[in-house]
Amino acid sequence: MNEPTPIDAGRRDFLRKSAIAGGGLVLGCYLKAADSAVPRVAKPSAIATNGEFRPNAFIRIAPNGAVTLISKQPEIGQGIKTSLPMVIAEELEVDWRDVTVVQGDLDPAYGSQGAGGSRSTPTNYEEFHRLGATARTMLVEAAALTWKVPAAECVAEGSAVHHPRLKRKLGYGQLAVKASALPVPAVEAVRLKDPKDYKLLGTRVGGVDNPAVVAGKPLFGIDVKLPGLLYAVYEKCPAFAGKVVSANLAEVKALPGVRDAFVIEGGTDLRGLLPGVAIVADSTWAAFSARRRLKVVWDEGKVAGESWDGFAAKARAIAGQPGAEVLRKDGDVAAVLVGPVQTVAAAYRYPFISHASIEPQNCTAWFRDGKLELWAPTQNPETGQKLVAETLGLPKENITLHITRSGGGFGRRLIADYIVEAAAIARRVAAPVKLTWSREDDLRHDHFRAGGFHFLRGGLDAKGRLVAWHDHFVTFANPILKDGQPALQPGSGASLSGDEFPGRWVQNCLLEQTPLECGIPMGPWRAPGSNVFAWVFHSFIDELAYAAGRDPLEFRLEILGDRDVVPGTGDKGTPYDVSRMKRVLRYAAEQAGWGRKTFPRGQGQGIAFHFSHRGYIAQIAEVTVSREGALKVDRVVVATDIGAQIVNLSGAENQVQGSVVDGLGTLLFQELNIERGRVVQGNFDEYPMIRIPDAPTRIEVHFLKTDYPVTGLGEPALPPLAPAVCNAVFAAIGKRVRQLPLARTDLRWS
Amino acid sequence: MSQYTLNINGKPHTVDAAPDTPLLWVLRDTLNLVGTKFGCGVGQCGACTVHLGGTPARACQTPVSEVGRRPVTTIEGLDPKAAHPLQRAWQELDVPQCGYCQAGQIMTAAALLKSKPRPSDADIDDALAGNLCRCGTYLRIRAGIHRAAELADSKKKSAA
């Protein structure tokens, strides 16, 4: 790695100082105030009456020495239930084997409990250090008072406080009562550990639920069991948000095992309670079976006129026209592209896709005495509670929400439609009821990653330098009312930023966007926007590099240039640290042997990088394409810079490997077609997902440790994979992939 | 509704169910053995894999009326102490992410190891191709099966 530049050194100094003064300041510099949970730490301690030491809402130490740590964020496979408690345990100086991690229910005492945007780590990291350190300080003080020695002579280690000179030791359990009586020390009086002394952080720690996972113990939302539990299904209109006209309810109610069947009127909010028919039965199978006999007459509305082919034709028709919105205009692209430059033009497109989390949406709800209790696999419990409160007219305090483990999230479970459906059904049933979506429900009533069309032009000067860049992005938007006026709201992740690379880097740059109005539900899908923009832009940059006869790495380094940090545009813009990106790019290239390896035809390397979720990631893919057109990804080299500390090395590697595999599966296979306002595909036989034979042979993960704040890893390693692989395909056989999924491109060669 | 006596994890269980009820829902709803998971309902994802007469089967595609006397083994019955070499290897290598598919992966892998105690990567890819992992833990699944093969081998050697 390069020597730190003077600016790096300054930052490091600042980080260290801030850590001493209370590291929350560091976060405050780059996160919005709302992200920082700092005030919670100063909260008075909650001293338990059962002899437990409870210095804050997240830590309990019992007199027998058992340590319980609360995980406030939902566990969706990102590993947060292991990693954030590790941070507390590190500062608390407890033996990890003494720790039990418990999932917290939705509770304002914990602060924000959403799991999305790779934010759980950066928004909690510093605070969780101080939670652990504060408790440790109190335990040390309790021991010092017991031994009548200065606290500075005491050492906390291995769930105990030691006095080395007196050779005395008191376990944390023995100190619990005494520590409980102490005041919570001021922030300034709590010293955080020096990172060089970390024993747990940065090591490989297995997921805390692994023993239960491999034993098949109940963990997930769908595993919830309650006395007298009933089972429900909810049929919605195949065309998005259609209304119920009539249904054969009497016939369905007479079917075996069926307790009730009723229409829920619902509303028009795509993220809310949509109209449908509920069937409640004695078992999941009785409900599923009855549903096959359900006949509903729907009012499909105007969405029934929408189709992917129709949208694609519209996009082609407006491609050459000026965009509805100009997102960035630097210099004069139009003038440059008619001048003495080499112009390259290409059109890229990608389809709507589903999250397809492997646990179908489900929620268990129990309505009793005007109060509602919910068990939900959710990424966003606050949203679920709020939606239910507003829809059913219940006060929030009458809604309890238990967060279960989620069988995958990927952004799907940020939307709470399935929670409000379960709640609305439960309100009509005098028993707890579990709503289970079928896979078909899940694929067809997702909040989809939006499809899109990009019409690109680039200009190269006589020296092969990129001097002009133009993208007309045709995207999708839902009609909404904004201040009482009709407006179009682009789907989540379906809006381009004027700062999207190489915006801010090319002297003549025009980024335009035109939304197509649609009634298709859209939502955040792992690394929203980035998951496709990286593919489009790094594929086209590659086209330009080849057109210029330049090495794709060297061409990219030239575009990045010599600036250190490029500021964002406007209030909401994000600064982009060029030196961090160049470092991961060069590191990946070095590890992959870029430019030093030669490949026979049919094999090649491709490169891409992307900055998102505060992480800097570069990837190089090596592929083999057979003459018959079969693609195998032999090797992926990933270099990441996500800051000063990897929390759980095993979990972090798992996230990167998973992002590579997920990125590859999406690239290779995923595609939903839309006809007559509905999704055509219903299950995995029609919607293929990546399987083990298509997983890369090798994925090499490199974490470059820098002095920057610690950031999240659930998303940023995904976006560069697709362009790296497609660029490798081009290097191997000279075919450019401009349409997703890749399975649509014929890769045969001779 | 009909009555069926099933041999599950070495014990007889008598259940009342409609004949077309998939074994999956008998396990999950009636017997509260929820380690066997619902993922697709059409035999495409493998999350519901159990052993039926010693062979991997999709519980969502197996009507309870067709189980008969064949013994059923679920993830809960794979090993009395949940210490099958695969279960140990999965923890040692921290294979799971969300974990939802892993019972199905382990059940399929257990059958593979029975027929091929030292499988190659290609054997693993062939045998496990019916089990989706949405989180993409496939590389760790490969490594986990190799590790389990080693663990089983050393156990055999120490027993000998």
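So, a polar contact here is a pair of N or O atoms within 3.5 Å, and within protein one of them has to be able to donate a hydrogen and the other to accept it. Keep that in mind while we look at this one, which is a predicted model.

Okay, the interface of chain B and chain A. By that rule, 31 residue pairs are in polar contact across it, counting pairs with both residues at pLDDT 80 or more. Which parts of chain B give two or more residues to the side that touches chain A? That would be helices H1 (23-30), H2 (85-92), H3 (102-115), H4 (121-128) and H5 (138-159) of chain B. H5(B) has the largest share, with five residues. By class, that side of chain B splits into 23 nonpolar, 14 polar and ten charged residues.

For the contact as a whole, we've got 47 residues from chain B and 63 residues from chain A. The two chains bury about 4400 Å² between them, and 58% of that is on carbon and sulfur atoms. There are also five salt bridges across the interface. Take Asp223(A) with Lys37(B), where the closest N and O atoms sit 3.1 Å apart.

Now, over to the second largest pocket. We're talking about 780 Å³ of space, roughly, and a lining of 30 residues. Who's nearest its centre? Thr268(A), Leu270(A), Asn478(A), Pro479(A) and Gly519(A). On chain A, helix H9 (308-318) and strands S20 (466-482) and S21 (485-490) each put at least two residues into the lining, with S20(A) giving the most, three residues.

Key. Residues are numbered from 1 along each chain as its sequence is written. Chains are lettered from A and ligands numbered from 1 in the order in which they are written. This is a predicted model: local features need pLDDT of at least 70, side-chain atom pairs count only at pLDDT 80 or more; totals for chains, interfaces and linings use all residues. Side-chain values use heavy atoms; hydrogens and water are left out. Contact means heavy atoms within 4.5 Å. Buried area is the accessible area (1.4 Å probe) that two parts lose on being put together, summed over both. A salt bridge is a side-chain nitrogen of Lys or Arg within 4 Å of a carboxyl oxygen of Asp or Glu. A polar contact is a pair of N or O atoms within 3.5 Å; within protein, one must be able to donate a hydrogen and the other to accept it, and residues adjacent in sequence count only if both atoms are side-chain atoms. Helices (H or I, at least four residues) and strands (E, at least two) are DSSP runs, numbered from the N terminus. Ala, Val, Leu, Ile, Met, Phe, Trp, Tyr, Cys and Pro count as nonpolar, Asp, Glu, Lys and Arg as charged, and the others, Gly among them, as polar. On a 1 Å grid over the protein atoms alone, a cavity is a set of points where a 1.4 Å probe fits but cannot get out, and a pocket is an open set with protein on both sides within 12 Å along at least five of seven lines; lining residues have an atom within 4 Å of a point. Grid points are joined across faces, edges and corners, and a volume is the space filled by probe spheres set on the points.
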